[in-house]
Amino acid sequence: MLWPFELRRSYHRRNDIHARFGGQQQGGISTPANAPGIFIFTGHGAGHVGYQDVFEADGSFRYTGQGQLGDMRMISGNRAIRDHVQNGKDLLLFQQTKKGGPVRFEGLYVCGGWKMEQQPDMNGQPRQAIVFTLVPQSGLSIEAEGLATEAPVDLSLEELRKRALKAALAPTTASPRVALANVRARSKAVRDYVLARAKGSCENCGSSAPFLTSTGQPYLESHHIHKLSDGGPDHPASVAALCPNCHRQAHFGRSQISFENELIKKIIKIEIF
Ligand SMILES: [Zn+2]
Ligand SMILES: [Zn+2]
């Protein structure tokens, strides 16, 4: 399955998002317990009095976290954003352009870093606010970057694995300028490792990659098991290298849940060396 939201299309927050996936119906950060995503709302009515959310020229989005009075803390919704990669959750950004109006889907994002910044709280008092740099996932997607990029040949599988595990960790405070590059590098580290781990065969059905790419690499696609989207960094135990047939089946097949459960078992076996 994929997220049923189209880019730049407007949705009714309660009926189209929460009725279907759950999560808090108020506030800027909604964390449904049983859906593989976190919904972020910005603009009117998202509880953002005095907040300074803004799209930067490089496409990244500065998002001020949760907490209306006093210094913000890295708890609940804020922590969910920071740890979304580790927890296998997509970040979906919605913008409300008119008070009380529908919310527009702005796309999938990856938390590229965060920092503390002085901003006024709801009463106009200065306080420390958590400001996230969210990086659009579209620029990182497997389609955009080429499906089977070459893994660095000079690194052992164990070294590639170490890099991939590090890439899944919550980002430490990073300057917004390096956030995009960081997220790209983290995504690539995971993909490099998973493709090297597969050694040219689909990790679901075991058949050889259907062809070699122009760079001579076996063609396999990386599939994120828990998330509904395939871009961005992830824990290596949550990503599988699949042949195109198995990959289509994972997203569009009749028994997706049992397919995913079998795949999880296979990957866990591979990951425990
Ligand atoms: Zn396969
Ligand atoms: Zn996939």
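I looked up two cysteines first: Cys202 and Cys243 are both buried (under 20% relative accessible area, with exposed over 50% and partly exposed in between, for a 1.4 Å probe and protein chains only). The model is predicted, so I used local features only at pLDDT of at least 70 and side-chain atom pairs only at 80 or more, while totals for chains, interfaces and linings use all residues. Residues are numbered from 1 along each chain as its sequence is written, chains are lettered from A and ligands numbered from 1 in written order, and side-chain values use heavy atoms, without hydrogens and water.

**Zinc site**

I then checked what holds the zinc ion (ligand 1): Cys202 (SG), Cys205 (SG), Cys243 (SG) and Cys246 (SG) coordinate the ion at 2.3 to 2.4 Å. I took donors as N, O and S atoms within 2.8 Å of the metal (3.2 Å for Na, K and Ca). The angles among the four donor atoms are 102 to 115°, and the site is tetrahedral (four donors, all angles between 85 and 135 degrees).

**Aromatic rings**

I searched the whole structure and found 14 aromatic pairs (ring centres of Phe, Tyr or the six-membered ring of Trp within 6.5 Å; planes under 30 degrees apart are stacked, over 60 edge-to-face, the rest tilted). The Phe5 and Phe21 rings have centres 6.0 Å apart and planes at 55°, so I noted this pair as tilted. Phe5 and Phe21 are both buried. Ring pairs join Trp3, Phe5, Tyr11, Phe21, Phe39, Phe41, Phe94 and Phe105 into a cluster.

Methods:
Tetrahedral: all angles 85-135°; square planar, octahedral: opposite > 155°, others 65-115°.
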